[in-house]
Amino acid sequence: MPQHFSDPGPDGDAPVAAAREALDAFRSWSGSHADDIAAHVYRWSSHLPEVLERRPLANLLRLGPAAEAARTAGRAELRRRALRRHALSLGEVPSPGVLDLLTADPRRLPRPAVPAPADGVGLALDRIRYSASLQRVPGLGTLRERMARLYAALPAQAVAAGAMDRAARTIGGVLAVASHDTVGEDAETTAAHLRRVVPGAYALAVAQAVVDLPAHSRHHAHHRLLPHLLTESEPAAGVPDDPLSEELHTAHVLLLEGFPFAGHRALYRATETMYRARARAERRTREDAVRDGGDALLADAVLETAAGAVAATLLGRREPPADPLRTHLAAALATRFRHDLLDRARDAVNGRLTPFTLAPRDLDGDPLHDLFAAEAHLVATVFGGDPAVADALARHGAARLAGHLARQDDRVERLLEAHRVTPEIEALLRAAARPPRWGVPPPAAPAGSAGPRPPAATDPRTFAADRSAFVDAALAPHTVRGVPPRSPGGPQGPLRPALALMLAEGAALDPEPLGPLVAAVELFHTGSLAFDERASHLAGIALVSGGYALMARLASTHPPERVVRAVARMSALLGPERLSRGRYLDRLLDRGEAPADAAGFLEVYALTAATEIEAALVPAAILLGLPEHELDLLTAYSHHAGIVLRVRADLVAGPGSERPTLAGAHGRAAAARLLAGHRDRAEAALDGLALDTDLLRAVLDHFATRGG
């Protein structure tokens, strides 16, 4: 077991101490190796002419000696790329024979073009193949399914910020370790090892995705579940009804199957260390960073990256080294500075603290100088000063730097104004900023540029959560004497206010004007619940009255005749023949008074859950101007979906339910048959709608399978 991850303490003191020691060692080395750092800067500079003069199309058209020279240069670049990947994946210098195998084996050919950040499942799988230098990934079908579930579960903000790209890079990084670990093995051995590693790589990617979510989401169910995944030897019981929590739970099961807790404790500790390092960093304020010094901030950033790399090593290597943390801390230090430089503009906008967003006076060193010093330190202390590794790292860094600086005229001047650098670094920056002879290449899409996720690829609960701010803003003015206007309880609770928005988006119409209706639906629901308690009757009256007042506002954005029809439909749904009667019958169930037959149960379910779904959908459809036959189809969908919801709740409750259920009174088999029949009829109703029904189908699927 790696020694730094055997510490049983709750805060992981040993890895934290190791990170601080690594920073101290780097500072000491940097202060006494100015010549080595300058030599490494010159190595970067030596690659700039070729980087800036590259003409890929012209190279393809060359003939004779020129063509051979171009092919030779291409092979050299391929070899450098393979060497760099192997060195960083395994923390060791590959032999010439291993390099020959890496560049000759078509399964491991590094692809020269870096794809744009992956914003969907297909692009994510391409990124995995690229990051792992693999043309074929064993178990790709299962991985595709899991990645689709992760894509559907992630918040829209995370998808837009490139979460799928980061997940793909994480999986690709683990598979790169596994691939390089099997160099020289036969195809069957390699495929078997990769197949074993894929589920663990996916589990690490899901954990990383949750770690990457903004700090304000840490009270959510998935963040509360993550520490269990990192510290427990059994899957969690009672997983929250949250898609990302469910995927995190599945990932934990996959990880435990392939890497049992007892025999791989260091793996779980490494992932926990990654999570704790990020949590500490997000709690740190600018005042904390100024007080504690830039290296305190840097230590957690480097430890987070290094701990993730250690986890990848423990997953991907059949016989991991005794203590990989030292190597990965040095590598993380080198890559951290470069990434922070390239991302400094976006980090400043997002308020993220890094050495490049803090004032230079608050730092322990200069990050621009440290960028080159850390890479020189990595070459010297981990790779024994190997010139081929140094050359491969420098070539990669020079290309990234030139691509970054050549697109904005004043970047270099602003950098030189803010940072104290040596003459050779200044010369490198100015040379890198010179536009390439054959034009500036198109910029790589930044991590925050992923396209919007299609509704069909979104879990309906994620859709609802993404739009909760819209619903909350509409409801904010309508609190009655401490009674919250929104009641998210019940299996349909989180989805109910989003149904009208799903309908609007499915019809390709602006959902914004439906805000008053969405708020009114929630007030009507909560008000109807308040009537269950005599002491809350006045609050219920106030909430329902507020709902009608909100619906009156719809006349400013919709034709008056539609508003009148919508109000009339809502009044009928809330009245004595529908929801009011349903609430009364539901209370009889609470008292243990079961209906005489299955039809009695279905009546209760239709008058409660189905009516609330119809109240969210049909008045919205009227306001949107949908034709009459589509209103009838939505009414039918609501009726059958509501019954599916309640019957499934009966099946999940099982024989231990405290109140009578259809499944308990008439058998689980009969209940399952009824569920299937009503599900089919709800599907048939959606088939007749001339709008995008993917989200409403996903809602129905969730109602029919929740808790399973």
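Student: What percentage of the 708 residues in the protein chain do buried residues make up?

Tutor: This is a predicted model. A residue counts as buried when its relative accessible area is under 20%. In the protein chain, buried residues make up 53% of the 708 residues.

Student: How many helices and strands does the protein chain have?

Tutor: There are 33 helices and zero strands.

Student: Why does the span of helix H16 agree with its number of residues?

Tutor: The expected span is 1.5 Å times one less than the number of residues. H16 covers residues 325–342, 18 residues in total, so it should span 26 Å, and its end C-alpha atoms lie 25 Å apart, which agrees. Since 15 of those 18 residues are buried, H16 is largely enclosed by the rest of the structure.

Student: Which residues have the most contacts inside the largest nonpolar core?

Tutor: A nonpolar core is built from buried nonpolar residues joined through side-chain atoms within 4.5 Å. Here the largest has 121 residues, and Ile128, Met147, Ile171 and Leu175 have the most contacts inside it. Helix H10 (residues 187–212) gives this core its largest share, 13 residues. A second, separate core has 78 residues, including Val471, Leu617, Leu623 and Leu700.

Student: What is methionine 147 in contact with, leaving aside its neighbours within four places in sequence?

Tutor: Its partners include Val121, Ala124, Leu125, Ile128, Met164, Ala167, Ala168, Ile171 and Tyr202. For the protein chain, among contacts between residues at least 6 apart in sequence, 73% join residues at least 24 apart.

Key. Residues numbered from 1 in each chain as written. Predicted model: local features only at pLDDT ≥ 70, side-chain atom pairs only at ≥ 80, totals over all residues. Heavy atoms only, no water. Helix = DSSP H or I, 4+ residues; strand = E, 2+ residues; numbered from the N terminus. Buried < 20%, exposed > 50% of the residue type's maximum accessible area, 1.4 Å probe, protein only. Contact = heavy atoms within 4.5 Å.
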